[in-house]
Each structure stands twice: as C-alpha cells, then as structure tokens.
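Subject: Model handover

Hello,

Here is the structure for your files. My notes on a sheet and on the cavities follow below.

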Amino acid sequence: MVETQPSSVVGALSGLTATQVAERVARGEVNVAPDPNSRSLSSIIKSNTLTWFNFLIGSMWIVMLIVAPWQDSLFGFVIVANTLIGTTQEYRASRTLAKLAVLGEAKPVVRRDGIDVEVASKDVVLGDLVALRTGDQLVVDGVIAQSQGLEIDESLLTGEADPVDKNIDDTAMSGSFVVSGSGYYTATRVGRNSFAAGLTEQATKFQTTDSELRDAINRFIRYVSYFLLPVGLLLLASQLFRAKLPFDEAIRGTIAGVVTMVPEGLVLLTSIAMAVAVIDLARKRVLVQDMPAVEVLARVDTVCADKTGTLTEPGMAVQEIVDLGGAEGSAKQARDALGALAALEANPNPTLSAIAKYCPSPQWEPTSSVPFSSARKWSAASFADHGNWIIGAPEMVDPQNSVMRERSDTYASTGARVLVLATSPSTVSADSPLDQVTCVALIVISQTLRADASPTVSYFLDQGVNVKVISGDNAETVGAIAGLAGVPGADHPYDARNLPANTAEVAQVLATENVFGRVSPAQKQNMVEALHTRGKTVAMTGDGVNDVLALKSADLGIAMGSGSGATRAVAQIVLLDDQWSVMPSVVAQGRKVLGNIERVADVFLTKSFYAMIISGATAVFAVAFPFLPRHLTLISALTIGIPGFFLALMPNTERFRPGFFNRVLLFSIPAGVIAAVTAFTSYGIALYFSEPTFNAQSAATITLFIVTIAVLLQSARPLNPIRLSIVMAMVAMFIGVLYIPYFSNFFALSLGPEKYSVISIGVGLVGALAVWIATKITDRWRKPTEVSHA
C-alpha cells in the first residue's frame with residue numbers, strides 16, 4: 001500500500017479502522033470478482049481438451065486402437081501432443097499477461113484510520129470509504145459520502161450518454177467513471193455482489209474484439225462439420241456392403257477418411273500464434289487485454305490519436321502569463337487567483353498541476369466551485385473577499401472577445417496550450433452559461449512533441465493507414481503539434497464546434513479533414529462511429545477520461561499506461577510505458593498472425609477438401625479406401641502439421657489484405673480437387689495394372705505427397721531460404737520413410753522399380769504442375785483491390 005496525505009475535504013469522515021478491515025477480510029467481504037481477462041490453468045486445459053473435434057477424434061482413436069495396428073492410431077497421439085503444446089503456450093501467455101496486468105491495474109484510494117491509502121482493487125472491503133477523482137473507474141457499488149461537483153458517467157453500464165451529477169446519499173455503480181469533480185463514497189456491495197460483476201462484459205470488457213480471423217476459422221469448421229456425418233456414413237456403407245470388406249478394414253478406411261477431413265490443428269495453431277504474439281508484445285511492455293486485439297491493428301486503416309499524452313510528452317510547464325489589462329488585471333492578483341484555483345482541485349489535471357507549480361497558493365478561502373469538465377472546458381470558483389474567478393479555453397470562456405481570441409490564437413499556433421483567466425460579477429454555476437466575464441490574463445503552457453511521434457506517424461502513413469488527430473484542445477494548438485508530427489492536413493485544422501450533428505455529414509467532413517480541435521467526448525465517439533459508416537476499421541489511442549467513449553466505440557482501443565483508470569479499463573491494449581513508438585511492433589505482430597495463419601489455413605482446408613472428395617469417390621467406385629490411416633497421418637504431419645507450426649510463427653511483414661475467408665477458399669478448393677483427383681487416379685491406375693492393394697495405396701500416398709508439397713510451396717510464398725529449407729526438410733523426411741527399412745515397414749510404404757512407382761511419381765508431378773497453374777489463375781482473383789484511406 002502507498003500512503004498519501006489525508007485530504008481536508010473529507011472532514012470528519014475517517015473511514016474504517018484496521019481492526020474493522022481485518023474483520024471484514026475474515027468474513028470474506030472483499031472485492032474479489034471474476035476477471036474476464038484472466039484464465040486459470042484448469043479453464044485453459046478445459047478449453048483445449050473438451051472440444052467437439054477432440055471428442056470425435058478421441059472416440060475414433062479408441063476404436064482404431066481396437067480394430068487396427070497401433071501404427072494406424074498415430075493421429076490420436078498427434079492430437080494429444082497438439083493439445084499439450086497449445087495448453088502450454090496459452091498458459092504461458094496467461095501468466096505473462098497476469099503479471100503485466102498487476103503493473104497496469106488502476107489502484108483505488110481508500111480512507112482508513114483517517115489516512116488515504118492506495119490499495120489493490122481486490123483489497124477493498126465492504127464499508128470502505130473510497131476516494132473518487134477525475135478519471136477514476138468505480139471498483140465497487142456504494143453511496144456517495146462527500147461530493148465536490150462530482151459527475152459520473154454511467155454509459156458503460158446504462159447506455160445513458162450524459163454524465164450524472166452525484167450528491168450525498170446518491171448511489172454509485174461499479175464500472176462507471178468520474179468525469180468531473182471529486183468526492184468519497186462508501187462501499188455497499190463488493191466482489192460478486194457488485195453491479196459490474198453481473199455485467200462484466202459491459203463494464204470492464206464491454207465487447208469482444210471483432211476478429212475476422214477467428215470468425216473465418218469458425219466458418220470453415222462449421223462448414224466442414226456439416227459433411228462429416230453424411231460422408232462418414234456413406235463411406236462406411238460403401239466399404240461394408242459394396243466393397244465387401246471385413247468389418248475392421250471398413251472401419252479403418254472410414255476413420256482414415258473422416259479424421260483427415262477434420263482441420264483439427266487449425267484452431268490450435270491460431271491459438272499458439274496469438275499466444276506467442278502476446279508474449280512477444282509483453283516483453284515490449286504492451287498489455288493485451290483481449291487476445292484477438294493482436295490481429296485487429298493489422299486490419300486498421302484509420303488511427304485516431306489524442307494529442308495530449310499521445311503525440312506530446314505527459315508533462316506540461318507554464319511558459320508565460322500574459323496580462324490582458326482587465327479590471328482585476330494586476331499581474332500579482334492574476335498569479336494569486338491562478339494559484340488559488342489550482343490548489344482547489346483535489347486531483348488536478350496536468351494543466352492545473354503545471355499552474356500550481358508556477359503559481360503558489362495564496363490560501364484564499366473558497367465559498368463555491370465548479371470543477372473542470374471536458375465537456376465545459378472550464379472551471380470556476382468564488383473566494384471570500386476575492387471575487388469570482390474562471391479559468392478555461394478562451395473560446396469557451398469569452399467567445400465574443402475577438403481581441404483576446406486573436407492573441408490567444410497567436411500563441412496557440414506555436415503549439416502551446418492557451419487558457420484564459422477571467423472574473424465574473426456573480427457566482428458561477430455549472431448549469432448556467434458564462435455571462436459578463438472580464439478577461440484578465442492568458443496562460444501559455446508549453447507542450448513537447450514526443451520524440452517517437454513523427455517516426456510513428458510516418459510509419460502509419462507509409463503503410464497506407466490514415467492518421468487523424470482528435471483533441472479537446474484549441475484547433476490551432478492541435479494543428480501546430482500535428483504539423484510537427486507530420487500529420488497531413490495539419491495546416492488547416494478543423495474546429496469541432498462547427499461539426500454537424502448528423503453522423504453521415506460528420507463522415508463527409510472526416511473524408512477530407514485529419515486534424516480536429518475542441519472535440520467534446522461525445523463528438524469523439526460520434527466521429528469513430530462516422531468512420532465506421534464509411535467501412536473504416538478504427539483504432540483509437542488516448543489517455544484521458546474524455547477518450548473513454550471513443551475507445552469504447554473503436555474497433556481497437558489503445559490506452560496509455562499513465563492514463564486514467566477508466567481509459568485503461570475499456571482499452572484492449574495498454575502501452576504500459578506510454579511509448580507510442582511500440583505501435584509498429586503491435587502492427588507487425590498482427591500482420592505476422594494474419595499472414596501466417598492464412599498460409600496455414602490454405603493447407604489445412606486443402607486437406608479437408610481432398611479428404612471429402614477422396615471419401616466420396618471411394619464410396620461411388622466401391623473400392624477399398626486408398627490410404628491406411630498411418631499414410632494420411634504421415635502426409636498431414638509432413639505437409640501441414642510440422643511446417644505449419646514453423647510457418648505460423650515466422651516473421652511476416654505483408655500488409656493486411658481484406659477477404660481472408662474468400663482467399664483461403666479460392667486457394668484450397670482447386671488445390672484440394674487436384675490433390676484428390678491425382679491421388680485417386682494414381683490409385684485407380686495401379687489397381688488397373690493388377691498391383692496389390694499395398695502397392696496401390698503406396699502409389700496414392702506418394703502421389704498425394706508430391707501434390708501436397710506443391711500446395712505447401714505455393715502457400716509459403718514468397719519463398720525465402722528459411723521457408724524453402726523447411727519444405728526441403730519435409731521432402732527429405734518422406735524420402736527417408738520410403739528407403740529406411742524400419743520406417744518403410746512402420747508406415748507400410750515403399751518405392752521400387754515396379755509400375756506403381758513410375759505411375760505415382762508421374763501423376764504426382766502432373767498434379768504439382770496443375771497446382772502451380774491453378775494458383776497462377778486464382779492469384780488474379782485473390783489480389784486485393786487498393787483500399788482508399790481517405
């Protein structure tokens with residue numbers, strides 16, 4: 001626990017004593033609730049083991065062990081090994097994320113024994129007095145005990161967009177967040193009893209990240225599963241009643257056909273690739289809170305970045321206080337007023353923190369105050385014997401003062417943040433517009449561009465990703481900073497106060513403008529939704545409470561580690577070290593996963609298609625199944641499983657191409673048809689020349705291997721020495737199986753001077769050539785159309 005000094009605003013509220021806390025812990029009245037982003041070892045084992053395909057293949061494995069030599073049951077051992085590998089990698093990723101999550105976790109402040117202490121969320125107990133500050137997300141349900149202009153946004157829970165004023169004895173729900181003011185509330189429901197625990201998907205993990213990869217693979221599996229039972233029954237009936245095979249041989253052939261149809265390793269390799277990517281990103285201090293988010297940034301075509309904290313360094317400093325010569329405008333009084341206003345905030349934002357360092361507090365006595373709000377963009381206070389003071393955005397405090405606005409814009413055009421200090425003849429209310437203000441001084445606050453901002457923006461632009469800067473700051477200020485970062489259109493920033501309300505009209509503005517200032521939190525959200533109407537995939541980066549709604553609406557929310565607790569809670573990715581420069585690494589990981597899994601899916605789905613066609617042909621022609629199960633296990637291992645594992649984890653810098661599902665089908669259907677036709681042709685010719693079934697099956701296996709190696713070569717494009725070496729190693733291993741007596745006998749394969757050998761090689765080479773021609777043709781259809789990044 002980290003102690004802080006007690007706040008004077010709480011007065012007599014002293015919170016629980018250490019003894020009371022210990023009693024509640026002993027009774028289990030602690031804030032322990034299910035974590036949607038954490039997985040136990042048992043749940044990982046369950047998800048990797050208790051699957052429909054594992055049940056199907058496991059059942060057939062048991063049957064095969066009973067009716068056939070154990071060599072024909074190798075597919076079962078492969079499934080066990082795959083499950084163990086997948087479980088191990090997922091567990092490693094889960095543990096890595098759990099360690100990072102502790103570092104990135106927002107820690108609430110509670111008052112105990114009259115002292116404010118920072119604790120882990122799980123250590124809050126029933127009856128705790130919890131502090132509320134701007135940007136905090138509520139971790140338990142409770143009742144407001146102290147309020148200083150407290151406004152809470154409950155949109156993540158209720159859908160209500162407007163913040164709710166909270167006064168003493170009002171209820172507060174976990175999962176909501178503070179947008180303005182400060183206060184304390186008493187915890188009345190914790191852990192599983194809290195509101196957010198029952199609505200976890202909405203509160204802390206508001207949505208499942210959209211994953212084209214996951215959706216496409218689920219579609220593949222669903223379509224394949226439709227054929228398993230009818231093709232299996234047809235094959236079994238044909239083997240038993242038409243081919244007149246013994247029961248055990250009919251079962252063996254049927255299981256060989258059905259097992260090969262199942263793309264059992266595709267989901268596994270996808271999970272492994274995701275898990276490895278998550279671990280690699282964790283080493284760069286990037287916390288991935290939803291695993292498919294790794295993929296999404298590779299699909300993003302528009303990045304919306306907040307200015308403060310994303311393009312600029314977190315720290316700020318007062319550069320100058322400019323006297324405007326107002327009625328109360330002495331330099332001394334202006335500095336005193338600024339010091340008093342800054343000291344009034346229990347949890348000052350970076351701007352007020354900079355002012356507090358520059359202007360010492362004169363210890364004025366406040367009589368009323370209006371805390372800063374991102375929507376209002378000003379704060380105010382009345383002080384006994386010192387009048388009513390306002391500080392905020394010049395265009396919000398006194399929009400009609402053209403002279404002041406002109407001077408303000410001059411400073412803003414240099415990239416500085418500019419505020420105005422003004423007085424009012426009457427007490428200021430949050431519910432009433434500002435009226436009859438007198439501007440006293442401009443406060444010029446310097447901001448420093450991050451060293452990594454310009455290279456990161458340049459990287460995105462080179463990759464065809466549009467960068468939009470959306471900030472609540474003055475449009476001129478935003479334009480100046482965006483210009484230094486190299487954002488196109490920074491020379492003509494758009495003032496969001498002129499944005500239309502209609503989403504379609506907003507989308508039209510976004511099509512031509514890239515830099516926006518004076519954007520309200522609701523407008524940020526509307527701008528993301530407007531981009532969606534144009535078919536854009538949007539990533540939103542931010543660190544403040546004013547970014548929460550936009551992060552929530554974006555396809556991918558990215559929060560800074562130093563940002564507010566609410567921002568980190570709704571983001572799928574958290575940059576723990578606030579380094580925007582790691583974004584290219586995140587993109588690279590996403591591209592690696594997408595590109596490599598597409599390669600793996602190509603060969604897996606090819607296998608499913610050729611298995612279905614060969615099974616169907618076997619049933620139609622009433623012959624014994626062309627392969628022993630061990631043959632197909634060998635081919636699957638050498639042309640899919642082993643090379644697929646390496647291909648799934650290799651570097652891949654190819655840009656994202658939309659249409660994953662259609663591209664894989666365009667590749668795998670022709671390849672599967674060619675593999676099936678050539679293998680069955682080789683088998684049929686060998687039988688025609690009265691070769692024994694053993695030789696005919698060897699011929700079919702050799703032909704199928706040659707064709708599927710050609711498929712692997714086409715899928716692995718563009719070839720490089722490493723990929724080519726992997727393919728050549730698989731060829732060498734197959735040749736070893738053919739000519740090393742132990743393996744030749746084990747797999748019941750041979751290649752000699754007989755006719756079937758010449759037939760198998762000749763037909764296989766024809767099939768390989770056909771695969772090459774087919775991919776040349778389908779490549780024309782698979783090429784991506786140029787995507788507009790307006």
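What is the order of the strands in the open sheet of six strands? The order is S11-S16-S15-S14-S13-S12, and the pairing is antiparallel. Strands are DSSP runs of E with at least two residues, helices are runs of H or I with at least four, and both are numbered from the N terminus. Two strands pair if DSSP finds at least two bridges between them.

This is a predicted model: local features need pLDDT of at least 70 and side-chain atom pairs pLDDT 80 or more, while totals for chains, interfaces and linings use all residues. Residues are numbered from 1 along each chain as its sequence is written, and side-chain values use heavy atoms, without hydrogens or water.

Strands S11 (317-323) and S12 (366-370) are the edges, each pairing on one side only. Within the sheet, S13 (residues 378-383) pairs with S14 (residues 387-392) over six antiparallel bridges, and Ala380 stands opposite Ile390 in S14.

The whole structure has four cavities of 30 Å³ or more. A cavity is a set of points on a 1 Å grid over the protein atoms alone where a 1.4 Å probe fits but cannot get out; lining residues have an atom within 4 Å of a point. Points are joined across faces, edges and corners, and the volume is the space filled by probe spheres set on them. The largest cavity has a volume of about 130 Å³. Of its 13 lining residues, Leu344, Glu345, Ser369, Val370 and Pro371 are the closest to the centre. S13 gives the most to this lining, with three residues.

Regards

How values were computed:
On a 1 Å grid over the protein atoms alone, a cavity is a set of points where a 1.4 Å probe fits but cannot get out, and a pocket is an open set with protein on both sides within 12 Å along at least five of seven lines; lining residues have an atom within 4 Å of a point.
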